[in-house]
Amino acid sequence: MESIGTWWMWVAFAVIVLAMLAADLFLFKGGQQHRVSLREAAAWSVAWVSAAMLFAAGLWWYLDVSLGRLVANEKAVAFLTGYLVEKSLAVDNVFVWMMIFSYFAVPLELQRRVLLYGIVGAIALRTILIFAGSWLVTEFHWLLYVFGAFLVITGIKMVWFAEHDPNLEKNPFIRWIRNHYPITERLEGERFFVMRDGVRMATPLLLALVLVEISDVIFAVDSIPAIFAITTDPFIVLTSNLFAILGLRAMYFLLADLGDRFSLLKYGLAAILIFIGTKMLIVEWVKIPVMVSLGVVAVLLALAVGASLWHSARERAHAH
């Protein structure tokens, strides 16, 4: 697997990820019962995005000095494009989390611990999938076309089912847990298990955690092929992916009260998936520069956000 990542760059990135997780846990009070204010979530969202931009700047500077301006520009733009694509697709994940917590009536102050486990699980899962995917793409180049077709089909399905919410009660994992394990009728604080009359029982918070982890798997399968359309360099793929994930909890709490204002965002995300999938399918005949891809993704995302805000403002005006 060809990569710009040297051993010390991988080590440095691992240290950065661990430091950011520690900050999330201790400064952002990730493991404690704590209700996050909109202001706090906004400040942390800015901090995570700033950290990603500083990393991109540092990567560009190092590559400019060591490998030249052309390589530096190419890799930095690939990182930024990958980061924007992953961040965009992560928004849909955030809305699924909202639905899960709403279904189990989990209050905001109890959601932090579940999301922390969800983020750590997503980091571990995506690291494994990205290295496996990089190896497979290197050995079997034709898989890029399979990824492309998969993304186009996923984008079309996203449009088709945009107005349908999944039925969590029919989820096979949840049904299996309910059939094999006693579940308490209500939440027990931040605990996943409690003892009742000598019987170990799971709480609804555990069911919420299971669904959050399942959603991580589903969205990883959707989003990782998307970034291989931008670059197959495992260092760029992994760093852009994990930087997008690390800020997810802050973004979740930022959007928690605003979810209904982004009702059309799903269509923009579907368009992004279809564009990226098409790019992968036509790569032998038409090579779309990474800078153009960055522009298209940014425009599609901006249009979806703008249309959503206009639509929600119009709906509120009609309601009054």
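Mentor: Two packed helices are described by the angle between their axes and the distance between the axes. Here the axes of α3 and helix α8 (residues 234-246) come within 8 Å and cross at roughly 40°. That makes α3 oblique to α8; angles under 35 degrees count as roughly parallel, over 145 as roughly antiparallel, 65 to 115 as roughly perpendicular and the rest as oblique. The axes are lines fitted to C-alpha atoms, for helices over the stretch in contact, and the angles run from 0 to 180 degrees between N-to-C directions. Helices (H or I, at least four residues) and strands (E, at least two) are DSSP runs, numbered from the N terminus.

Trainee: What should I know about the source of the model?

Mentor: This is a predicted model, in which local features need pLDDT of at least 70 and side-chain atom pairs count only at pLDDT 80 or more, while totals for chains, interfaces and linings use all residues. Residues are numbered from 1 along each chain as its sequence is written, and side-chain values use heavy atoms, with hydrogens and water left out.

Trainee: Which hand does the crossing of α3 and α8 have, and which residues make the contact?

Mentor: The crossing is right-handed. A crossing is left-handed if the near helix is turned anticlockwise from the far one by less than a right angle, and right-handed if clockwise. From α3, the contact includes Phe79, Tyr83 and Glu86, and from α8 it includes Ile236, Phe243 and Ala244; contact means heavy atoms within 4.5 Å. By class, this contact has six nonpolar, four polar and three charged residues. Ala, Val, Leu, Ile, Met, Phe, Trp, Tyr, Cys and Pro count as nonpolar, Asp, Glu, Lys and Arg as charged, and the others, Gly among them, as polar.

Trainee: At what angle do α3 and α10 pack?

Mentor: Helix α10 (residues 265-281) packs on α3 at about 140°, with the axes 10 Å apart. That makes α3 oblique to α10. Their crossing is left-handed. Among the residues that meet are Val85, Leu89 and Phe95 in α3 and Leu269, Ile272 and Ile276 in α10. The contact of α3 with α10 divides into nine nonpolar, one polar and two charged residues.

Trainee: How are α3 and α7 oriented to each other?

Mentor: The axes of α3 (residues 69-103) and α7 (residues 204-228) come within 10 Å and cross at roughly 155°. The two helices are therefore roughly antiparallel. The crossing of α3 and α7 is right-handed. Val96, Trp97 and Ile100 are among the α3 residues in this contact, and Leu211, Phe219 and Ile224 are among those of α7. Its residues divide into 13 nonpolar, four polar and three charged.

Trainee: How many bridges join β1 to β2?

Mentor: Two strands pair if DSSP finds at least two bridges between them. Strand β1 (residues 193-196) and strand β2 (residues 199-202) run antiparallel and are joined by four bridges. Met195 stands opposite Arg200, and Arg196 stands opposite Val199. The strands form a hairpin with two residues between them, and Asp197 in the turn has a positive phi of about 55°.

Trainee: How many helices and strands are there in the protein chain?

Mentor: There are 11 helices and two strands.
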